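Reader: I am new to this structure, and I would like to go through it slowly. Could you show it to me before I ask anything?

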Amino acid sequence: MSAEGSTLGGRITSSTPRTAQASSRPGGTRLVPRRLTPLGRLLGPLVLLALWELAAQTGLLSPKLLAAPSTALITGYDMLANGTLLPHWLASAWRAWWGLGIGVAAAVLLALASGLTRIGEASIDSLVQIKRAIPTLALIPLAILWLGIGETMKIALIAGSVFVPVYINTHAAIKGIDIRHVELARTLGLGKAVFIRRIVLPGALPGFFTGLRLSVTSCWASLVVLEQINTTQGIGYLMNRARDYGQTEIIVVGLVIYMVLGLASDAAVRAIERSTLRYRKVIGS
Amino acid sequence: MTMPSVSDSGLATDAAEGSVVLERVTRAFQGRRVLNEISLHIAAGEFVALLGMSGSGKSTLLRALAGLDEEVEGEGLIRVPTARSVLFQDSRLLPWESVLDNITLGLDGPDPAQAGRQALASVGLAGRESAWPGQLSGGEQQRVALARSLVRRPQLLLADEPFGALDALTRLKMHALLRALVGRLRPTVILVTHDVDEALALASRVLVLGNGRIADDFRLDLDHPRHSDDPRLVGYRQRLLITLGVTESA
């Protein structure tokens, strides 16, 4: 009885200061969380890494299934130091970037053709939508028959997979050009060339960058499969050979390289995007 | 009722010295006539305010004069000067071009940049050449749009409620600016507005559209600056409100 009374009393005193709340920024309950610091974003990955290392050190995780992060780090450093890693990386980069360049160039040209002309829309767009429904790797058997098992086939398939996101996003951006800007162009008497250069292309740039960001990371993805075919160089080749020898630390090294390349490419495109589209005051970036 | 498309009706563009002629101009949306056989002559240098209720066809008429209604059914003859500019309700500045590049977009001539800088100064925004449109206020954006229209030395300026989205104070400043610039450059002006006071403050002639026809048409021979308590203006105001179907006691 007396205990109950004291709790009640405690409640009453704690609620009294709420009537007069002095603050430079009066406001209610925070409804959305505050923005994370860049370091805060790393919490998830760091926790995962710590658990992984712990599991490997305590013997819970067999190195036959997955090497410890520390082992992979040492292996990666050794391979970098003794020069075995660089030729593989260069071989992969050569394929990925050629494929990226060809795929992006083709995507932009075809997106312009189908976005700006009726004949282009009629002949190109449906074909791309069909191509989009077919997984790129499913085309490997045909690509080998047509292009052989050399570099041409690999670059063509990477270009094919890179092509789709760039085309789809650029085409959508061109079709989404503000009709009010088209009217403006007509009242200013702009010619077709000036209209495309000053209105269509800048207007389509945000869509193009969205597609490009997807492409720069995905151009590496096909390599794991493609570098099983008739090659002795490349990150994908390295990882597949490591599987045969049960060297999980090399597989982890390969995965980390893909991750670093993906994040670095994405950051590079975002930096270009920010400086190109600096007229936009985008919230949250 | 079948009506030929606008390509049959013709949009001749060699009227002399900025005058505008319409002969039996009809425009229809899905068979509903928004403009019904309108015939009209506007002399060079007139400042015409085009009034009307929502849906009375004032914007349809303006878009017909601007040549922006290819998709609309219609017939009749329209003669407008080739050198014409359009001022829209929104500024329609390209967000990715600087203020100066917006003004000189598609501009020919010996020194477009210099002409653009002068036009920008004439709307009171000298020094903002390299700003992005997104960094300007709504009123400033509309002033840049005005500079973009006037730098082309139009014989005909078509304005579709250009101040409709601005606050009342900014609108009054824009009225003074427009009147000063039009007084200097002397284009023919057709200003679509739903604001009776705006029409009375600016125009030398007032046209009222109703049911697809011209419901009223009179000249305002009053000097500037005009004071809203001028008894003649009060009379015109009364007349317009009655034509537009608004009674002040309501």
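Reader: Which residue takes a positive phi just after α2(B)?

Author: This is a predicted model, in which local features need pLDDT of at least 70, side-chain atom pairs count only at pLDDT 80 or more, and totals for chains, interfaces and linings use all residues. Residues are numbered from 1 along each chain as its sequence is written, chains are lettered from A and ligands numbered from 1 in the order in which they are written, and side-chain values use heavy atoms, with hydrogens and water left out. Helices (DSSP runs of H or I, at least four residues) and strands (E, at least two) are numbered from the N terminus. Just after α2(B), a positive phi of about 75° is taken by Gly67(B).

Reader: How many of the nine residues of helix α2 of chain B are buried?

Author: Buried means under 20% relative accessible area, exposed over 50%, and partly exposed in between, with a 1.4 Å probe and protein chains only. Among the buried residues of α2(B) are Lys58(B), Thr60(B) and Leu61(B). The helix, residues 58–66, is largely enclosed by the rest of the structure, because the buried residues number seven of the nine.

Reader: What distance separates the end C-alpha atoms of helix α5 of chain B?

Author: The expected span of a helix is 1.5 Å times one less than its number of residues. For the 13 residues of α5(B), residues 138–150, that span should be 18 Å, and the model agrees, since the end C-alpha atoms are apart by 19 Å.

Reader: Which helix of chain A do the buried residues of α5(B) pack against?

Author: α5(B) is mostly covered, with 10 of its 13 residues buried, including Val144(B) and Leu146(B). Counting contact as heavy atoms within 4.5 Å, these buried residues pack against several elements of chain B, including β7 (156–160) and α6 (168–185), and in chain A against α9 (179–187).

Reader: Why is the pair of Trp97(A) and Trp220(A) edge-to-face?

Author: Rings of Phe, Tyr and Trp (its six-membered ring) pair if their centres lie within 6.5 Å, and planes under 30 degrees apart count as stacked, over 60 as edge-to-face and the rest as tilted. The count comes to eight aromatic pairs over all chains. Trp97(A) and Trp220(A) have their ring centres 5.9 Å apart, and the pair is edge-to-face because the planes stand at 75°.

Reader: Is Trp220(A) buried or exposed?

Author: Trp97(A), its partner in the pair, is partly exposed, with a relative accessible area of 46%. Trp220(A) has a relative accessible area of 1%, so this residue is buried.
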